[in-house]
Amino acid sequence: MRWKWNPVFKMEKMTSSRSGKMSVIVFGMNLILTVTALIMLYTIAHETGYTGEIPYQSFIQLYRMIAFFEFTLILLIVPALTSGAVSGERERQTLDLLLSTKMNCWDIIVGKLGASFRTVLIVIMSGFPVLSLVFIYGGISEFDIVFLFAYYVITALFTGSLGIMLSALFKKTATSTAVSYIILLLLTAGTIAASYLIYRISYTRFVETGNPSFYPTAGKSIYLLLINPACSFYYFLSGQIGSGREFYEFLSRAGVYGENFILENWVMISIGIQFALSVIFICVAVRAIDPMKKRQSFLL
């Protein structure tokens, strides 16, 4: 049986291949990574010349820096790529033409998401040669790189499906893009701020009552961070290049101590939640463009 490419994906792939924007993004990102890595390697070599010792921890810092840089890049570029996927077709008045073909709504949404996903994967993988510099003196295994790439894929799917959903719900690309970044900001900084605010309220109550049996804590609100991709990535990365206790120290600032099933399996649970939300976002996007469904579009 001959494999058939998704027509939307194939069209988007050909369009992006002819554009110079991809080359500029890849070149710019790798230029920054390469210059930063060379500066750090020069610093390490200079320090080794004076002390006669190789600072292995510096290579771990290089890995951490590049890993966080690429993760941040995913959060920044994926919404920009996906939030205009469907709304852009509406603005060009071509969405109705796509819907009138033999393709169903799933083909359109999955094709659009797949094309954006392909772009992100190219950008991520292009930075891995620089990341492999840590293999010079060890400390990071090949499996760590594979797991890091897998986490990037989950994050890209989560943010990409969010952008696709908003692009299908809103008519204007500017609106869907702005809402995408606002939601990501709420998921990252917002959940941390909410947990810390609850902790401060609890701490104020503790000071006012003076009850020694009452202990200030953020309580169950800390589980809001399960939908925070940045916090889960910090936990994931601390398990690779740290003791794995860094995240618990972070939670202790909100009055959360001890361990339980959720804390011990935080990364896997967070990944499961992100994947489930991604499926929901895609389903909502499919329903939003389905002409057979009675819906009310946002007139923004």
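Start with the middle of things: the largest nonpolar core here has 47 residues, and Tyr 63, Leu 148, Tyr 152 and Phe 233 touch the most other members. Keep in mind that this is a predicted model.

**The cores**

- Take a look at Tyr 152: leaving out residues up to four places away in sequence, Tyr 152 touches Ile 66, Ala 67, Glu 70, Phe 71, Ile 74, Ile 124, Phe 128 and Phe 233.
- As background, nonpolar side chains in soluble globular proteins tend to be buried together.

**How H2 meets H6**

- Helices H2 and H6 pack with their axes 9 Å apart, at an angle of about 30 degrees.
- Angles under 35 degrees count as roughly parallel, so H2 is roughly parallel to H6.
- The crossing of H2 past H6 is right-handed.
- On the H2 side you'll find Met 22, Ile 25, Val 26, Met 29 and Asn 30, and these meet Thr 119, Ile 122, Val 123 and Ser 126 in H6.
- Sorted by class, this contact has six nonpolar residues, three polar ones and no charged ones.

**Ser 58**

- You can find Ser 58 in helix H3.
- Its relative accessibility is 18%, so Ser 58 counts as buried, since the cut-off for buried is under 20%.
- Setting aside neighbours within four places in sequence, Ser 58 is in contact with Met 40 and Ile 44.
- Met 40 and Ser 58 are 18 residues apart in sequence, while their C-alpha atoms are 7.8 Å apart in space.

**Ser 161**

- Helix H8 is the place to look for Ser 161.
- With a relative accessible area of 0%, Ser 161 is buried.
- Not counting residues up to four places away in sequence, Ser 161 touches Leu 113, Ser 278, Phe 281 and Ile 282.

Terms used:
Residues are numbered from 1 along each chain as its sequence is written. This is a predicted model: local features need pLDDT of at least 70, side-chain atom pairs count only at pLDDT 80 or more; totals for chains, interfaces and linings use all residues. Side-chain values use heavy atoms; hydrogens and water are left out. A nonpolar core is a set of buried Ala, Val, Leu, Ile, Met, Phe, Trp, Tyr and Cys residues joined through side-chain atoms within 4.5 Å. Buried means under 20% relative accessible area, exposed over 50%, partly exposed in between (1.4 Å probe, protein chains only). Contact means heavy atoms within 4.5 Å. Axes are lines fitted to C-alpha atoms, for helices over the stretch in contact, and angles run from 0 to 180 degrees between N-to-C directions. Helices (H or I, at least four residues) and strands (E, at least two) are DSSP runs, numbered from the N terminus. Angles under 35 degrees count as roughly parallel, over 145 as roughly antiparallel, 65 to 115 as roughly perpendicular and the rest as oblique. A crossing is left-handed if the near helix is turned anticlockwise from the far one by less than a right angle, and right-handed if clockwise. Ala, Val, Leu, Ile, Met, Phe, Trp, Tyr, Cys and Pro count as nonpolar, Asp, Glu, Lys and Arg as charged, and the others, Gly among them, as polar.
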